[in-house]
Amino acid sequence: MQLQTLTPDMARMLGMDPGPRCVVSGVDPDGRAAKAGLRAEDVIVEIDRKPVSSAEEAVSALGRVARPGTCCGPARDTFRFVTIPPQ
């Protein structure tokens, strides 16, 4: 899974309000993230019930836990919980 920090330009392109968040920019179709339901352009807003404001924070948090993270999917108006299984 590849992650990027949401920039104002990306937020406009995705039809979202700008703010500190993390965007999934790519997913290995055979990887754990894809199997958990993550897709490119999903926006991660929290991991382990803690806000995520950048790609660096998301990578750090995902390295520490294997619990649900809240993601806003491509519809932009729904939230879902996704659990990425441990390696």
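Which residues make up the largest nonpolar core? Keep in mind that this is a predicted model, then select Leu3, Cys22, Val24, Ile44, Ile47, Val52, Ala55, Ala58 and Ala61: those 9 residues are the core. Now colour by element: β2 (22-26), β3 (43-47) and α3 (55-64) each put at least two residues into this core. The largest share, 3 residues, is supplied by α3. Another core, of 7 residues, lies apart from that one; pick out Leu6, Ala11, Leu14 and Val43, which are among its members. As background, nonpolar side chains in soluble globular proteins tend to be buried together.

Next, click on Ser54, in the loop between β4 (50-51) and α3. Is Ser54 buried or exposed? With a relative accessible area of 13%, Ser54 falls under the 20% cut-off, so it counts as buried. Show its side chain and you'll find that it reaches the backbone nitrogen of Glu57 at 3.1 Å. Leaving aside residues up to four places away in sequence, Ser54 touches Thr5, Arg21 and Cys22. Cys22 is one you have already selected, as part of the largest nonpolar core.

Last stop: zoom out to the whole chain. Switch to cartoon and count 3 helices and 6 strands, running β-α-β-α-β-β-α-β-β along the sequence. Of the 87 residues, 34% count as buried.

Conventions. Residues numbered from 1 in each chain as written. Predicted model: local features only at pLDDT ≥ 70, side-chain atom pairs only at ≥ 80, totals over all residues. Heavy atoms only, no water. Core = buried A, V, L, I, M, F, W, Y, C linked by side-chain atoms within 4.5 Å. Buried < 20%, exposed > 50% of the residue type's maximum accessible area, 1.4 Å probe, protein only. Helix = DSSP H or I, 4+ residues; strand = E, 2+ residues; numbered from the N terminus. Polar contact = N/O pair within 3.5 Å; in protein donor to acceptor, adjacent residues only side chain to side chain. Contact = heavy atoms within 4.5 Å.
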